[in-house]
Amino acid sequence: MTAAGDDLGLTPLVSIVVPTLDEAPGLPALLEHLARLPGRWEVIVADGGSRDGTAALARSHRSAPLVLDAPPGRAAQMNAGAAAAGGEVLLFLHADSRLPPIAHAELGAALRDPLVAGGNFALRFDGGDRFSRLLTRWYAVQHRTGVYYGDSSLWLRRSAFAALGGYRPLPIMEDYELVRRVERFGRTACLPGPATTSSRRWRARGVARTALGWTVIRWLWLAGAPADRLARLYRDVR
């Protein structure tokens with residue numbers, strides 16, 4: 001934990017919260033990645049009831065992350081992880097995402113501005129092929145209009161997260177809903193990174209259908225469509 005005399009902008013302890021559900025195939029690689037990452041980190045795996053041994057794999061990993069048996073649902077898992085965190089900065093990382101090697105340095109630099117409440121990282125979809133490059137460019141265009149999601153590794157000061165009341169208990173759009181509140185709460189920073197995430201879930205549908213699906217769901221949600229119905233639609237477009 002950060003000592004009382006530490007400058008938060010220079011030496012923050014960052015708590016990385018990873019919500020998991022049946023992530024056994026990929027979780028060891030993520031934990032190895034985080035174990036090698038420079039900086040002051042605390043890793044918390046908030047498992048939502050995996051049946052494939054995800055929690056046991058995390059508990060046995062050499063990096064010794066804190067593993068929680070959290071209520072099901074990504075919002076509940078991330079709130080549980082935040083409640084158990086010891087850091088003054090909370091970073092929410094998807095299990096199929098990776099942080100850049102300079103993530104801690106970039107966070108420290110952003111936090112020197114006391115008005116910065118949180119933000120995210122520039123995002124690159126992995127693969128290096130045309131599909132991944134187009135998806136990366138489309139996401140960057142979205143971000144310029146203030147639209148970004150949890151796959152870009154959201155981070156907040158603990159004080160801002162507490163003031164905002166954490167994630168709302170939504171079955172979908174919980175990340176975008178929090179982003180909208182953070183943007184109104186204080187200054188945000190998109191760190192250059194980039195963080196990377198998997199394009200596997202979207203590859204079969206192509207960029208156009210993927211972008212259309214995301215956009216339709218977001219506008220339906222903004223128009224007041226019930227979140228449970230949108231969750232079913234989201235499963236259909238994945």
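Mentor: Begin with pLDDT, which is the predictor's confidence in each residue on a scale from 0 to 100. This is a predicted model, and the chain averages a pLDDT of 87, with 86% of the residues scoring at least 70.

Trainee: Over which residues does pLDDT stay under 50?

Mentor: Over residues 1-7. Contact means heavy atoms within 4.5 Å, and for residues 1-7 the model has nine contacts beyond four places in sequence.

Trainee: Now the aromatic rings. How many aromatic pairs does the structure hold?

Mentor: Rings pair if their centres lie within 6.5 Å. The structure holds five aromatic pairs. One of them joins Phe-92 and Phe-161, at 5.5 Å centre to centre and with 35° between the planes, and is tilted. Phe-92 belongs to strand 4 (residues 89-92) and Phe-161 to helix 6 (residues 158-164), so this pair ties together parts that are 69 residues apart in sequence.

Trainee: Are Phe-92 and Phe-161 buried or exposed?

Mentor: Both Phe-92 and Phe-161 are buried. Ring pairs also link Phe-92 and Phe-161 with Tyr-167 into a cluster.

Trainee: Last, the cavities. How many of 30 Å³ or more are there?

Mentor: A cavity is a space where a 1.4 Å probe fits but cannot get out. The count comes to one cavity of 30 Å³ or more, and the largest cavity has a volume of about 50 Å³.

Trainee: Which residues line the largest cavity?

Mentor: The lining consists of Gly-119, Tyr-148, Leu-154, Trp-155, Leu-156, Leu-178, Val-179 and Val-182. Strand 7 (155-157) and helix 7 (174-185) each supply at least two residues of this lining. Helix 7 gives the largest share, three residues.

Trainee: How do the residues of that lining divide into nonpolar, polar and charged?

Mentor: Seven are nonpolar, one is polar and none is charged.

Key. Residues numbered from 1 in each chain as written. Predicted model: local features only at pLDDT ≥ 70, side-chain atom pairs only at ≥ 80, totals over all residues. Heavy atoms only, no water. Phe/Tyr/Trp six-rings, centres within 6.5 Å; stacked < 30°, edge-to-face > 60°. Helix = DSSP H or I, 4+ residues; strand = E, 2+ residues; numbered from the N terminus. Buried < 20%, exposed > 50% of the residue type's maximum accessible area, 1.4 Å probe, protein only. 1 Å grid on protein atoms, 1.4 Å probe; cavity = no way out; pocket = protein on both sides within 12 Å on 5 of 7 lines; lining within 4 Å. Points joined across faces, edges and corners; volume = space filled by probe spheres on them. Nonpolar A, V, L, I, M, F, W, Y, C, P; charged D, E, K, R; others polar.
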